[in-house]
Amino acid sequence: MIISMFKGKCPHCKKGDIFSAKGSSLLFKMPAMGKRCKICNYKFEVEPGFFFGAMFVSYALACAEMIACFVIAWAILKIPVIYIFLCVVGIALLSSAFNFRLSRTIWMYLFYKKA
């Protein structure tokens with residue numbers, strides 16, 4: 001199940017893709033998500049506003065990434081604070097599209113109910 005979640009597969013059949021386009025932070029493109037699974041016809045957005053909670057998952061992912069970057073740069077590499085700040089901001093911007101996809105997928109898997 002965890003492998004399917006990281007690959008962005010449907011929580012119902014584990015075969016269909018949730019996102020039709022991955023998106024790119026460098027090209028300022030957000031991932032495109034389908035409404036239903038093309039294989040099993042599972043509806044991804046269960047109700048209006050369902051993915052509002054995924055913002056909190058995305059926030060947690062971004063915080064974990066930034067803290068890890070800070071600890072590595074400050075404690076291990078002994079980089080000056082201004083460069084650490086720039087590194088943390090860069091990591092946050094570059095990982096935004098990845099966090100968007102992963103947070104929505106995690107949110108779907110958290111609330112998936114077998115019919």
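In these legends, Ala, Val, Leu, Ile, Met, Phe, Trp, Tyr, Cys and Pro count as nonpolar, Asp, Glu, Lys and Arg count as charged, and the others, Gly among them, count as polar.

**Figure 1. Overall view of the predicted model.** The protein contains four helices and two strands. Read from the N terminus on, its elements follow the order α-β-β-α-α-α. The C-alpha trace spans about 55 × 25 × 25 Å along its principal axes. Of the 115 residues in the protein, 32% are buried. The views that follow take up individual sites in this predicted model.

**Figure 2. The largest pocket and its lining.** The volume of the largest pocket is about 250 Å³. Two or more lining residues come from each of helix H1 (2–7), strand S1 (19–21) and helix H4 (96–110). The greatest contribution is that of H4, which gives four residues to the lining. In total, 14 residues line the largest pocket, and those nearest its centre are Phe-6, Lys-7, Gly-8, Lys-22 and Arg-101. By class, the lining comprises seven nonpolar, three polar and four charged residues.

**Figure 3. A nonpolar patch on the surface.** The patch is formed by Ile-82, Tyr-83, Phe-85, Leu-86, Val-89 and Leu-93. Together these residues have about 650 Å² of accessible area. One of them, Leu-86, is placed in helix H3 (residues 81–94). Leu-86 counts as exposed because its relative accessibility is 51%, and the limit for that class is over 50%.

**Figure 4. The salt bridge between Lys-9 and Asp-17.** Side chains of opposite charge can pair when their charged atoms come close. Here the side chains of Lys-9 and Asp-17 meet at 2.6 Å, taken from N to O. The count of salt bridges comes to one. Asp-17 has a relative accessible area of 45% and is therefore partly exposed.

**Figure 5. The loop between strand S2 (32–33) and helix H2 (54–76).** Two residues of this loop are shown, Asn-41 and Val-46. Most residues other than glycine have a negative phi. Asn-41, by contrast, has a positive phi, near 65°. With a relative accessible area of 48%, Asn-41 is partly exposed. For Val-46 the relative accessible area is likewise given as 48%, and this residue is partly exposed. The C-alpha atoms of Val-46 and Lys-35 are 9.8 Å apart in space, and the two residues are 11 residues apart in sequence.

**Figure 6. Lys-78 in the loop between H2 and H3.** Phi of Lys-78 is near 55°. This is a positive value, and Lys-78 is a residue other than glycine. The relative accessibility of Lys-78 is 64%, so the residue counts as exposed.

**Figure 7. Leu-26 and Ser-96.** Leu-26 belongs to the loop between S1 and S2. Its relative accessible area is 65%, and Leu-26 is therefore exposed. Along the chain, Leu-26 and Ser-96 are 70 residues apart.

**Figure 8. Ala-60 and Ser-103.** Ala-60 is a residue of helix H2. A relative accessibility of 45% places Ala-60 among the partly exposed residues, because that class lies between the buried limit of under 20% and the exposed limit of over 50%. Ala-60 and Ser-103 are 43 residues apart in sequence. From C-alpha to C-alpha, Ala-60 and Ser-103 are 9.1 Å apart in space.

Technical notes: Residues numbered from 1 in each chain as written. Predicted model: local features only at pLDDT ≥ 70, side-chain atom pairs only at ≥ 80, totals over all residues. Heavy atoms only, no water. 1 Å grid on protein atoms, 1.4 Å probe; cavity = no way out; pocket = protein on both sides within 12 Å on 5 of 7 lines; lining within 4 Å. Points joined across faces, edges and corners; volume = space filled by probe spheres on them. Patch = residues over 30% accessible without salt bridge, like charges linked within 9 Å, V, L, I, M, F, W, Y side chains within 5 Å. Areas by Shrake-Rupley, 256 points an atom, 1.4 Å probe, with all protein chains shown as cover. Salt bridge = Lys/Arg side-chain N within 4 Å of Asp/Glu carboxyl O. Buried < 20%, exposed > 50% of the residue type's maximum accessible area, 1.4 Å probe, protein only.
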